[in-house]
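Hello,

Here is the structure I promised to pass on to you. Please open it alongside this email, and then read on for what turned up in it.

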Amino acid sequence: MTTSLTPELICDLLVPEDVAISRDGGRVAWRAAPNGVDDPNPRGGIWTCVTGSGRAEQWTHGPDDCCPRWSPDGTTLAFLSDRADRGVRSVYMLETGRGEARAVYAPGTSVVSVAWSPLGDRVAVLVPTPVDVADGAVGDEQVFGEDWRPVVVHVVDVATGTGRAVTTVDRHVTDLAWSPDGARIAVVSQPDVEPESGLLAEVEVVDLNDGSRSVVCSAPWADYLGWLERDDKIVFKAPLDPQPLSAATFWAVSATEDAKPVAAGPGPDDTICVIAVRTAQPDTAVVALADGLETIVRAYPVGGEAHDLARLDGDIKAFDVADTHQLGAAMQAPGGLVELWSGRPQELVQCSSYGEALAGVELAEVGSFVARSSDGLEIDVISIAPPARFGPGPHPTVVLPHGGPYGRSNLGLHCAPLDWGQLMATAGIHVLMPNYRGGNGKGYRFAVAARADMGGAEWQDVEAAVDRAIELGLADPARLGIGGWSQGGFLAAWGVTQTDRYRASIVGAGVTDWRSLVLTTDRPLFEGTLAGSLPWEPATGDGAVDRSPVTFAGRVTTPVLILQGERDVRIPVSQATGYNRALRAAGADVQLVVYPREPHVIRERTHQIDVMRRALEFFRGRLTK
């Protein structure tokens with residue numbers, strides 16, 4: 001007897017993340033947390049398994065435990081927890097022989113991450129600085145930049161729990177890596193905490209003996225910092241092109257002042273993109289690469305030839321590598337949830353079983369096909385067909401474009417609060433998810449093709465996916481809908497200004513007016529580059545106006561549901577209220593729903609349930625009758 005998939009089940013599914021494998025490859029640790037939270041602070045626990053064993057066990061239960069890291073000898077697990085002060089994470093340690101975790105370092109502000117020194121006698125942690133109240137402040141006024149909290153590096157003695165800052169507040173640190181000899185720490189730092197200061201990020205090296213800091217190189221948007229013993233090399237992931245919307249590669253640089261980084265991974269003519277980079281001592285960067293709908297795990301040894309360790313059908317969300325080149329990976333296999341996998345790259349074993357929460361639940365089959373866009377470019381399209389009890393197609397169909405736009409829809413189950421693939425399909429609606437231009441997995445030229453062309457080539461890719469689905473007999477052309485979140489929300493808003501083929505549209509936290517967005521978002525350069533113009537630079541043209549759904553609201557005849565987080569700083573609520581006003585003025589059928597307290601991604605369980613129920617009812621009511 002099967003049961004139906006419900007929003008409540010989706011909210012309570014556990015998702016693994018933040019993976020760490022011991023240096024010898026013997027054991028993996030990770031954080032697992034439910035999709036939805038019941039209070040303002042997240043909840044999660046630490047799980048572990050013997051590598052390749054297929055048996056996961058929960059070691060800690062929170063309330064919010066994260067960032068597990070093994071000591072070099074594998075006997076101690078460091079992690080962050082807010083168990084002593086809810087919402088403020090401190091450093092804890094747990095011996096592998098179990099017992100109680102002990103508090104090691106509580107600097108008074110919530111620690112961001114922790115990393116062991118190579119000898120295991122110290123840890124380095126990222127700590128936000130306290131906010132200083134300005135002299136003369138008398139109320140709750142907000143002065144731009146005054147309450148910024150730059151993150152600095154503290155080095156903590158494990159035995160005594162004493163720590164000291166080794167960087168200063170003149171730079172905001174976003175990542176760190178120990179040198180193999182433990183005498184230095186490399187950091188990625190930027191001028192301040194504003195997100196777009198990442199354009200000015202640099203790799204610096206801090207000498208722990210004399211306290212000196214030296215700039216190694218410029219590294220815009222760098223993360224996944226690592227340090228290899230051979231040739232004293234620092235590696236990191238960063239875009240090929242520092243301007244917004246570029247494919248990612250990985251870079252290598254000598255750990256000397258004013259060195260020149262070299263793009264060691266995919267170049268501009270390659271059709272693959274870097275997902276993440278990890279280091280295996282003494283000489284190898286192990287890289288996860290998106291290649292269409294597949295994932296490659298590739299080794300890049302210093303001074304040697306790159307070679308593939310595995311080609312996987314699954315999509316790696318996070319991973320770590322041991323010096324023995326074994327992996328621990330949070331990976332979504334075809335037709336499955338994100339689970340923890342471990343072992344040799346070509347012999348990964350599923351260790352967690354979070355998907356058991358869906359035992360007995362009717363699920364839809366996930367597949368794919370290729371569509372040819374208007375200019376002949378081939379586009380991968382995920383296709384989720386309703387279960388057999390709904391009969392043969394064509395079925396009512398909803399297009400759910402991914403966000404980003406530098407994202408990728410995969411062959412996984414698509415069962416998450418803002419990924420409605422399974423929810424729609426198991427209700428009898430065929431789902432299409434096109435991997436349009438601007439996305440991940442097709443290389444640099446595919447990614448930059450959408451730059452300054454919002455509503456252009458990527459919209460033609462979406463339309464081509466729908467046309468092909470109709471040709472294949474999958475989609476009913478008289479019963480089409482479109483919806484999505486973030487960039488998917490923009491495409492849903494834009495699409496119904498360009499065609500009346502869709503009978504329903506859901507705009508989830510989508511851009512509706514590029515010009516006002518650039519004035520209000522926390523990523524103005526990114527959004528302005530996508531749109532093709534900036535309001536304060538008239539010479540750049542009027543692309544922001546020409547590519548804004550609100551400009552053409554008078555054309556809309558499709559019913560529209562707008563869903564939006566009240567405290568979204570990426571796509572502020574003004575985008576939703578503005579589009580709502582424009583559609584109402586045009587006499588369109590529109591409803592606006594705003595979720596209190598919510599940022600760009602809806603977090604609270606009750607709100608997630610409402611989003612899913614409302615979306616399903618909206619599409620079913622307009623496409624299945």
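How many bridges join strand β15 to β16? There are five, and the two strands, of which β15 covers residues 202–207, run antiparallel. Before going further, a word on the source: this is a predicted model, in which local features need pLDDT of at least 70 and side-chain atom pairs count only at pLDDT 80 or more, while totals for chains, interfaces and linings use all residues. Residues are numbered from 1 along each chain as its sequence is written, and side-chain values use heavy atoms, with hydrogens and water left out.

**The sheet**

Strands here are DSSP runs of E with at least two residues, and helices are runs of H or I with at least four, both numbered from the N terminus. Two strands count as paired if DSSP finds at least two bridges between them. β15 and β16 belong to an open sheet of four strands, in the order β13-β14-β15-β16, with antiparallel pairing. At the edges stand β13 (172–178) and β16 (213–218); each has a single partner strand, so one side of each is left without a neighbour in the sheet. From one strand to the next the twist averages 30°, an angle taken between N-to-C directions on a scale from 0 to 180 degrees, with axes fitted as lines to C-alpha atoms.

The hairpin of β15 and β16 has five residues between the strands, and G211 in it takes a positive phi near 80°.

**The nonpolar cores**

A nonpolar core is a set of buried Ala, Val, Leu, Ile, Met, Phe, Trp, Tyr and Cys residues joined through side-chain atoms within 4.5 Å. Buried means under 20% relative accessible area, exposed means over 50%, and partly exposed is in between, using a 1.4 Å probe and protein chains only. The largest core has 46 residues, and the members that touch the most others are I482, Y502, W514, V560, Y579 and L583. Helix α5 (residues 487–498) gives the largest share of this core, six residues.

Another core, of 42 residues, lies apart from the largest one, and I10, L561, Y595 and L623 are among its members.

**Loops to look at**

Two peptide bonds are cis. One runs from Q281 to P282, with omega near 10°; P282 sits in the loop between β21 (273–280) and β22 (284–291). The other runs from G404 to P405, with omega near 5°, and P405 is in the loop between β31 (395–399) and α2 (421–425).

L245 has a phi near 65°, lies in the loop between β18 (233–239) and β19 (248–254), and is buried at 4% relative accessible area. S486, with a positive phi of about 65°, is in the loop between β33 (475–485) and α5 and is buried too, at 17%.

E604, in the loop between β36 (590–595) and α10 (605–623), counts as buried at 15% relative accessibility. Beyond four places in sequence, E604 is in contact with V37, P596, R597 and E598.

Of its 44 lining residues, R69, A115, L225, R278 and D320 are the closest to the centre. Elements that give two or more residues to this lining include β13, β17 (223–228) and β21. On a 1 Å grid over the protein atoms alone, a pocket is an open set of points where a 1.4 Å probe fits, with protein on both sides within 12 Å along at least five of seven lines; lining residues have an atom within 4 Å of a point.

Key. Contact means heavy atoms within 4.5 Å.
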